[in-house]
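Q: Hi! I'm new to this one and would like a quick tour. Could you show it to me?

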Amino acid sequence: MVVAAVLLTGCAGTPAGQTGPGAGDSRYVAGDGSSRVIKPADRKPAPRARGTTLDGEPFDLATLRGKVVVVNFWASWCAPCRGEAPALEQVYREHKAKGVEFAGVDIKDDPDPAKAFVRKFKVSYPSVVDQDGQVTLAFRDVPPNAVPSTLILDRQGRIAASVIGATTYDRLTRLLGQVTGE
């Protein structure tokens, strides 16, 4: 499934207002220090990401091509992940009827705490188990490089936006609006 970057070593992110990946780079059309929208001409395809969900179901990111997809990298041991979980679920519920899909990637986590996290925060979209980090490694050439992080894929399966660190309802809704409006 979709998991980002270079082995995640802890909860981190670039605080809003500070420079982050891509700051000042002409490939980005918008950003606030921790989130970026990438110009369509500069987008890279998401890597092939497959795995098994926490529910034991097979998952292949490629099957979602043609839809806008939000991929969130999280772990039950990550405090900022717990903080952003309600906002992610709310955005998912508001946008799923519009054809927007969500997928989580549970990074370096044990199954029981991960399942408890999903129950506690009533996460209704699938999350891929990435206990060995292989899904994350597929995204090594693309931010994010921290947990939590979120990617938005456009309908062509390309990485259209990213949020390094925890996201909020407003930020995610704004980024989704930009990508779905294309």
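Here is a short chat about the model, going from its layout to some details.

Q: Thanks! What kind of model is this?
A: This is a predicted model. The average pLDDT of the protein chain is 83, and 79% of the residues score at least 70.

Q: Which elements have the lowest and the highest mean pLDDT?
A: Strand β1, residues 28–31, has the lowest mean at 44, while α1 has the highest at 97. Residues 1–33 have a pLDDT below 50. That stretch still makes 103 contacts in the model beyond near neighbours in sequence.

Q: Okay, the layout then. How many helices and strands are there?
A: The protein chain has four helices and nine strands. Going along the sequence, the order is β-β-β-β-β-α-β-α-β-α-β-β-α.

Q: And how much of the chain is buried?
A: Of the 182 residues, 49% are buried. The chain exposes about 8,200 Å², with carbon and sulfur atoms supplying 51% of that area.

Q: Which residues touch the most other members of the largest nonpolar core?
A: Those are L61, F102, I152 and L176, in a core of 46 residues. Elements giving two or more residues to this core include β2 (35–38), β5 (69–74), α1 (79–95), β6 (101–107) and α4 (169–180).

Q: Let's zoom in on F102. What is in contact with F102, leaving aside its neighbours within four places in sequence?
A: F102 is in contact with V70, L88, V91, Y92, Y125, P126, L172 and L176.

Q: Switching to helices: how do α1 and α4 pack?
A: They pack at an angle of about 35°, and their axes are 9 Å apart. The crossing of α1 past α4 is right-handed.

Q: Which residues meet there?
A: From α1, the residues are A87, L88, Q90, V91, E94 and H95. They meet Y169, L172, T173 and L176 of α4.

Q: One more spot: where is P148?
A: P148 is in the loop between α3 (134–138) and β8.

Q: Why does P148 count as buried?
A: Its relative accessibility is 1%, so P148 counts as buried, the cut-off being under 20%.

Q: How far apart are P148 and A75?
A: In sequence they are 73 residues apart, but in space their C-alpha atoms are 7.6 Å apart.

Q: What about contacts across the chain as a whole?
A: Among contacts with a separation of 6 or more, 69% are between residues 24 or more positions apart.

Conventions
Residues numbered from 1 in each chain as written. Predicted model: local features only at pLDDT ≥ 70, side-chain atom pairs only at ≥ 80, totals over all residues. Heavy atoms only, no water. Buried < 20%, exposed > 50% of the residue type's maximum accessible area, 1.4 Å probe, protein only. Contact = heavy atoms within 4.5 Å. Areas by Shrake-Rupley, 256 points an atom, 1.4 Å probe, with all protein chains shown as cover. Core = buried A, V, L, I, M, F, W, Y, C linked by side-chain atoms within 4.5 Å. pLDDT = per-residue confidence, 0-100. Axes fitted to C-alpha atoms, helices over the stretch in contact; angles between N-to-C directions. Left-handed = near helix turned anticlockwise from the far one by under 90°.
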